[in-house]
Amino acid sequence: MSSTETTTPARPDANESGLRRGAMGGAELVAQAIANIAPSAVIAFTAAAIFVTAGKGTWLSFALATVVILAVGYCISQFAKRRASAGSLYNYAAAGLGPFGAFLTGLTLVIGCFGIAAGSLSGAVIHFGAFLNQIGVGISGVAGQVLIAVVLGGLAALFTVWGVRVSARVSLVLEIVSVTIITILLVIALANAGPAAFDPSQFTLEGVEPQGVAIGMVLAILGFVGFSSADALGREARNPFKAIPRAIMWSALGVGVLYVFAAYTQVVVLGDKLGESISPLDDIATIVGLPSWFNPVLNLGIAASFFAVVVAPLNVIGRIVYVMGKEGVAPKYLGTTHAKLLTPHRALLVFAPLVILVPVVLYLFGVDANDVLVWVDTFGTFGYMVAYAAVAIAAPIFLRRMGIKNWLVWPCVVVAVGGMAYVFWVNVVPVPAFPLNIIPLLFLVAVIAGVGRYAWVKKNRPDVIDAIGSTETDVLEGIG
């Protein structure tokens with residue numbers, strides 16, 4: 001295997017400054033990845049939902065989901081070790097699946113990021129509204145929800161346009177605060193449990209059905225979506241070929257360990273009541289006797305986590321659409337960066353208002369904010385699953401073309417694609433109740449509309465098709 005480095009960047013326009021290179025360190029890359037996962041928000045709700053089917057095997061559902069996500073991450077890291085681009089999985093898929101595979105991957109990833117950002121904005125509205133009311137600032141009703149959504153969505157747009165380093169540091173601070181608050185609560189809860197903190201029934205899986213654990217894996221896997229988002233910062237990272245793969249794998253592993261610990265602790269403290277709890281963390285805070293001021297702090301921490309996961313996907317959307325715009329797949333107007341800030345401001349200023357508009361419109365139609373969170377996040381999750389499966393399939397093809405032998409990649413492909421396929425299947429069979437039954441159809445409509453754009457470009461600008469996924473990409477050949 002050779003260690004030759006080949007660089008194949010596209011020529012920038014004369015008035016195009018490009019993205020700010022070398023702006024992101026390892027910690028900021030991890031912050032981008034973790035912020036897109038929003039672990040605090042997942043801990044706050046997902047364990048309770050998984051407990052309904054998995055019971056005392058809830059921690060196992062998270063552990064097995066972590067294995068699936070690490071398999072996906074390993075496939076993605078095969079590209080990240082050798083290619084650095086703002087195009088994320090879009091550029092990676094191009095190296096294995098060709099132009100259409102790259103376009104489909106980029107399209108579904110943008111859909112995924114958009115859905116997760118819009119849904120998480122509703123999560124931020126819920127918990128920031130609860131925080132304000134708990135401290136005596138009375139904001140309620142649809143008008144209050146719309147106001148909070150516009151303010152928080154506007155701040156998210158501001159941070160992403162201002163600079164990736166700023167937005168990543170904001171996300172890092174918010175997630176550190178949020179995870180710290182929740183971890184302190186869980187540690188206090190375990191200490192308060194005394195000898196009962198060791199629950200052997202969770203390790204012997206007492207009364208646990210394997211099918212229940214498997215069904216629980218669906219929600220657990222959904223709790224990791226966006227974990228690979230650091231790969232969109234390939235042109236802005238320092239030492240990207242090492243820093244980005246590490247950020248992807250370590251963020252997935254670290255969050256997986258946190259999920260397992262949180263699930264175990266919630267089962268210890270709440271027992272069978274976990275499956276019935278609307279707000280498990282609030283219930284735990286009450287059980288351990290924490291002072292009344294802790295509940296607003298907890299809600300603020302969860303709101304911060306949701307806000308961080310609005311910012312992080314917007315960063316990814318901006319960079320993928322920026323690359324697509326430079327290549328002519330998306331309107332070229334979107335393929336430029338701000339002259340001074342060096343961020344893809346046009347792409348961000350197109351998508352950020354739409355992210356705000358989705359929850360606002362649903363609120364105005366009388367949809368509950370919690371339903372907005374679930375429905376829109378589900379829509380976005382379908383996009384992530386398709387993109388993850390596609391790039392996993394592309395990984396062995398890419399390695400074979402480079403003449404690299406890797407015995408581990410094929411088992412990871414099987415686990416990754418199998419996991420994504422299983423999650424998709426369980427979400428559509430049996431057909432869920434309205435409106436969850438139409439969300440897969442809406443996702444399909446969005447994909448078909450995007451493919452229509454591809455067909456138009458292929459017919460009218462075939463030269464663009466040949467360049468898909470090649471913009472601003474460095475390639476390191478022969479690295480094992």
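Helices (H or I, at least four residues) and strands (E, at least two) are DSSP runs, numbered from the N terminus. By that rule the protein chain has 16 helices and three strands, and Val 350 has its place in one of the helices, H12.

This is a predicted model, in which local features need pLDDT of at least 70 and side-chain atom pairs count only at pLDDT 80 or more, while totals for chains, interfaces and linings use all residues. Residues are numbered from 1 along each chain as its sequence is written, and side-chain values use heavy atoms, with hydrogens and water left out.

## The chain as a whole

A residue is called buried under 20% relative accessible area, exposed over 50%, and partly exposed in between (1.4 Å probe, protein chains only). Of the 480 residues in the protein chain, 58% are buried. The chain exposes about 18900 Å², and carbon and sulfur atoms supply 69% of this area; such areas come from the Shrake-Rupley method with a 1.4 Å probe, and for residues only the protein chains shown count as cover. A contact means heavy atoms within 4.5 Å, and among the contacts in the chain with a separation of 6 or more, 85% are between residues 24 or more positions apart.

## A nonpolar patch on the surface

Patches are made of residues with over 30% relative accessible area and no salt bridge, where like charges are joined within 9 Å and nonpolar side chains (Val, Leu, Ile, Met, Phe, Trp, Tyr) within 5 Å. The salt bridge in that rule is a side-chain nitrogen of Lys or Arg within 4 Å of a carboxyl oxygen of Asp or Glu. On the surface, Val 142, Tyr 333, Val 350, Leu 354, Leu 357, Val 361, Leu 364 and Phe 365 form a nonpolar patch with about 770 Å² of accessible area together. Helix H12 (residues 345-364) gives the most to this patch, with five residues. Val 350, which belongs to the patch, has a relative accessible area of 35% and is therefore partly exposed. As background, an α-helix has 3.6 residues a turn, so residues three or four places apart point the same way.

## Helix H11 and its surroundings

Helix H11 (residues 294-327) has 34 residues and reaches 50 Å from its first C-alpha to its last, close to the 50 Å expected at 1.5 Å a residue; the expected span is 1.5 Å times one less than the number of residues in the helix. Because 32 of the 34 residues of H11 are buried, the helix is largely enclosed by the rest of the structure. Ser 305 lies in H11 and is buried, with a relative accessible area of 0%. If residues up to four places away in sequence are not counted, Ser 305 touches Ala 38, Pro 39, Ser 40, Ala 41, Glu 175 and Ser 178. Just after H11, Gly 328 takes a positive phi of about 90°.

Rings of Phe, Tyr and Trp (its six-membered ring) pair if their centres lie within 6.5 Å; planes under 30 degrees apart count as stacked, over 60 as edge-to-face and the rest as tilted. A search of the whole structure finds 17 aromatic pairs. In one of them, the rings of Phe 382 and Phe 443 have their centres 5.9 Å apart and their planes at 40°, so this pair is tilted. The pair links distant parts of the chain, since Phe 382 is in helix H13 (residues 369-401) and Phe 443 is in helix H15 (residues 439-460), 61 residues apart. Both Phe 382 and Phe 443 are buried.

Phe 379 is also found in helix H13, and with a relative accessible area of 17% Phe 379 is buried. Leaving aside neighbours within four places in sequence, Phe 379 is in contact with Ile 111, Gly 115, Ile 439, Leu 442, Phe 443 and Ala 446. Elsewhere, Trp 59, Phe 198, Phe 203 and Tyr 264 form one aromatic cluster.

## Backbone details in the loops

Leu 205, found in the loop between helix H7 (200-204) and helix H8 (210-222), has a phi near 55°, a positive value in a residue other than glycine. With a relative accessible area of 28%, Leu 205 is partly exposed.
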